[in-house]
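Here is a short briefing on a predicted model. Look over the sequence and structure first, then read on.

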Amino acid sequence: ITTVERAAVDVEREGITAPAIFIVGNVVKLSEQLRWFETRPLFGRKIVVTRARAQESALSSKLTELGAQCIEFPTIEIVDPSDRYASLDSALDQLSTFDIIIFTSVNGVEKFFDRLLVKGLDVRMIRAKIAAIGSATEAALRAHALVADYVPGEFRAEALIKLLRDKVDGKTLLIARAEEARSILPLELRRLGATVEVAAAYRTVSAVDKALPDGVDWITFTSSSTVKNFVKSFGAEMLSKVKTAAIGPITADTLNAFGVEPTVIASEFTIDGLIKAIVGAKEC
């Protein structure tokens with residue numbers, strides 16, 4: 001609320017940009033009764049979303065509904081694996097021989113089924129039990145008419161290893177995942193007696209092509225790769241000047257490795273869990 005005389009100065013000071021609506025006249029006196037948006041928990045917060053372009057809209061829209069001004073600033077891009085799908089194609093050619101197929105992300109699910117169709121195959125080739133890390137991965141499988149048999153309560157590799165501990169000895173497993181990923185899952189499953197084939201379903205590369213805007217309150221990180229590419233482009237020192245939100249302990253560990261203590265870590269390793277952690281932060 002301002003005066004016509006001071007409007008231009010106040011707009012510049014507050015950083016108001018298009019689209020914007022200016023109301024002039026006595027109706028302004030109703031602002032207290034009509035201030036529905038300003039009461040939202042993240043009103044006025046400028047939050048950077050670092051997910052890949054194809055994935056950022058879900059997080060951004062939910063943050064916007066809570067009053068935040070979202071800046072979509074993808075630090076990664078999902079591209080074809082370096083081997084041009086050679087390892088995934090090889091696995092698909094022998095799909096019926098696997099006892100368990102493990103999916104670690106939504107991207108892995110989508111690329112798996114995209115490639116299945118490219119090869120002229122379909123879900124009838126799958127004879128295996130299905131394991132999924134994360135509720136979003138589980139939901140992506142359901143969209144392809146597959147119900148996961150194994151979903152750990154905690155959405156990380158260590159929890160899946162514990163869940164499968166007495167189920168993999170002598171079994172043949174396929175892990176469809178990112179080209180660059182932690183080695184703990186295949187290593188531990190092999191130690192438990194499984195034959196494990198790892199297929200690269202996709203690769204993440206840096207997608208930073210612009211400068212970070214001023215006045216940012218929060219930066220969200222939904223994977224270790226978003227952290228690494230951000231730090232590669234801007235350095236870790238910048239993260240000491242803003243609040244940071246990590247989607248889970250693995251992403252948090254990556255921030256810690258760069259000397260950054262995340263402001264919040266989601267207790268539920270999902271987009272909703274990340275948002276809940278931000279809203280629940282003191283002076284969010």
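How many nonpolar, polar and charged residues does the lining of the largest pocket have? That lining has 20 nonpolar, 11 polar and eight charged residues.

**Largest pocket**
- The space in this pocket comes to about 1,900 Å³.
- Its lining is made up of 39 residues. Ile1, Ile16, Ile21, Glu38 and Phe43 lie nearest the centre.
- Helix H1 supplies the largest share of the lining, five residues.
- H1, helix H2 (31-34) and strand E2 each supply at least two lining residues.

**Second largest pocket**
- About 1,400 Å³ of space lies here.
- The lining counts 44 residues, and Thr104, Ser105, Thr222, Ser223 and Ser224 are the closest to the centre.
- Elements giving two or more residues to this lining include strand E3 (76-79), helix H5 (106-118) and strand E7 (195-206).
- H9 gives the most, with five residues.
- By class, the lining divides into 19 nonpolar, 19 polar and six charged residues.

**Asp10 in helix H1**
- Asp10 sits in H1, which covers residues 7-14.
- Asp10 has a relative accessible area of 11%, so it counts as buried; the cut-off is under 20%.

**Sheet**
- Five strands form an open sheet in the order E2-E1-E8-E9-E10, with parallel pairing.
- Strands E2 (69-72) and E10 (264-265) are the edges, each pairing on one side only.
- E1 (residues 46-49) runs parallel to E2, and four bridges join them.
- Val48 has Ile71 as its bridge partner in E2.

Note on methods. Residues numbered from 1 in each chain as written. Predicted model: local features only at pLDDT ≥ 70, side-chain atom pairs only at ≥ 80, totals over all residues. Heavy atoms only, no water. Buried < 20%, exposed > 50% of the residue type's maximum accessible area, 1.4 Å probe, protein only. Pairing = 2+ DSSP bridges. 1 Å grid on protein atoms, 1.4 Å probe; cavity = no way out; pocket = protein on both sides within 12 Å on 5 of 7 lines; lining within 4 Å. Points joined across faces, edges and corners; volume = space filled by probe spheres on them. Nonpolar A, V, L, I, M, F, W, Y, C, P; charged D, E, K, R; others polar.
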